[in-house]
Amino acid sequence: MILYALIVRTKDGMALSATTDFNDEVNRSIKESKRYVKLLAKKASHLPDRCTLYLSLHSVHFITALGVTYLALCDSSYPTVLAFSFLSELMRDFITKYETVRINMARRPYSFIEFDNFIHKTRQRYNKPQSLTTRVNLAELSEEMKLRAPHLLNISDIEPVRNGYHNFNIPQVAVGPPPRLEPLSWYSMTSIFQACVLSALGLYRSLKALSESSLEEYDGPSPSHGFIFLLESGLRIFQMMLLLQQIRYRVALSWFCLVLLSICAWLVWDLRDKWQCSLFVTSAVASHIAVILRRIRLKLPDYNV
């Protein structure tokens, strides 16, 4: 069963709300386990956004979202999937009722203690799993937990020592699915279409120029120009990839592509009229702007519950 729930502000570990109908004095082991809950709450800002700590008789689970951490102390036999389902329900209702600004402005502990009413009702439901069978799809939850298992903590990571606490030697790894970009706008789609057409044209001109012998007298594109056209087409394709996919340093790479495309346009300036030059330069700038404007999608963690 779920014994205790605590909601804290992640950046400083200040308690915002908690279970008030919980008496840890009747059971010494529960009181000791509750101490680990509070230790985890203070260290939540340095941990992945979903973790589990197994104790001898109990387990502690928590999730973090939008600067708030939700923790639950459960019996060791309580299903992990239900514990995270419980925390996810708390998270969804808490962020609906309280704005982020209000949470950040809170100065006193337990400023949102009235939220305990919802914690109490939700905990009662989850402590009677038979009442959840029609509301929670356990098969989906179990599959989701297999795909995105919580980070397992060791008790030695948070055990207090004489001069403070052990440091958390936990790598900052991404938890959950990789970040996704915002949906493509009409502007992005237009720049992709334009880049595709110009890339195809550049490939055609590069093949044609490379087929000309450098020893022949030829008043037009030479093989050296062919390599420039080929490089230009490759850079446009890479720009499209930066626009479509989320990769590290995508904006910096887009700037690099824009500079190289500008150099390429200058090297073949004499082979194009002013309208063609304007079109190729404008397309490169438009694709670059589209990369900058398409940002990572801001979305709350989805635990499929």
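Ile63 is buried, at a relative accessible area of 0%, where buried stands for under 20% relative accessible area, exposed for over 50% and partly exposed for the range in between (1.4 Å probe, protein chains only). This is a predicted model: local features need pLDDT of at least 70, side-chain atom pairs count only at pLDDT 80 or more, and totals for chains, interfaces and linings use all residues. Residues are numbered from 1 along each chain as its sequence is written, and side-chain values use heavy atoms, with hydrogens and water left out.

## Overall content

The protein has 305 residues, of which 42% count as buried. It contains 9 helices and 8 strands; helices (H or I, at least four residues) and strands (E, at least two) are DSSP runs, numbered from the N terminus. Among contacts in the protein with a separation of 6 or more, 69% are between residues 24 or more positions apart, a contact being heavy atoms within 4.5 Å.

## Strand residues and loops

Ile63 belongs to strand S4. Strand S6 (residues 151-153) includes Leu153, which counts as buried because its relative accessibility is 6%.

Where does Leu66 lie? Leu66 is in the loop that runs between strand S4 (58-65) and strand S5 (68-75). Phi of Leu66 is near 55°, a positive value in a residue other than glycine. Leu66 is exposed, its relative accessible area being 53%.

Tyr110 also has a positive phi in a residue other than glycine, near 60°. The loop that holds Tyr110 is between helix H3 (100-105) and helix H4 (116-126). With a relative accessibility of 37%, Tyr110 counts as partly exposed.

## Helix packing

Axes are lines fitted to C-alpha atoms, for helices over the stretch in contact, and angles run from 0 to 180 degrees between N-to-C directions.

| Helix pair | Angle | Axis distance |
|---|---|---|
| H6 (residues 186-210) and H9 (residues 274-293) | about 140° | 9 Å |
| H7 (residues 223-244) and H9 | roughly 25° | within 9 Å |
| H7 and H8 (residues 250-267) | about 155° | 10 Å |

Angles under 35 degrees count as roughly parallel, over 145 as roughly antiparallel, 65 to 115 as roughly perpendicular and the rest as oblique. A crossing is left-handed if the near helix is turned anticlockwise from the far one by less than a right angle, and right-handed if clockwise. For residue classes, Ala, Val, Leu, Ile, Met, Phe, Trp, Tyr, Cys and Pro count as nonpolar, Asp, Glu, Lys and Arg as charged, and the others, Gly among them, as polar.

H7 and H8 pack at an angle of about 155°, which makes H7 roughly antiparallel to H8. Their crossing is left-handed. From H7 the contact takes in residues including His225, Ile228, Leu231 and Phe238, and from H8 residues including Arg250, Cys257, Leu261 and Leu267. Sorted by class, this contact has 14 nonpolar, 3 polar and 3 charged residues.

The axes of H7 and H9 cross at roughly 25°, so H7 is roughly parallel to H9. H7 passes H9 in a left-handed crossing. On the H7 side the contact is made by Glu232, Arg236, Gln239, Leu242 and Leu243, and on the H9 side by Phe280, Ser283, Ala284, Ser287, His288, Ala290 and Val291. These residues comprise 6 nonpolar, 4 polar and 2 charged.

H6 and H9 are oblique to each other, and their crossing is left-handed. H6 contributes Tyr187, Ser188, Ser191, Gln194, Ala195, Leu198 and Leu201 to the contact, while H9 contributes Leu279, Phe280, Ser283, Ala286, Ser287, Ile289 and Ala290. The contact of H6 with H9 has 9 nonpolar, 5 polar and no charged residues.

## Annotated span

UniProt, in an unreviewed entry, lists residues 251-269 as "transmembrane region". UniProt positions are given in the numbering used here, feature names are shortened, and annotations may be inferred rather than shown by experiment. In the model, residues 251-269 are 89% helix and 0% strand, and the end C-alpha atoms of the span lie 27 Å apart.
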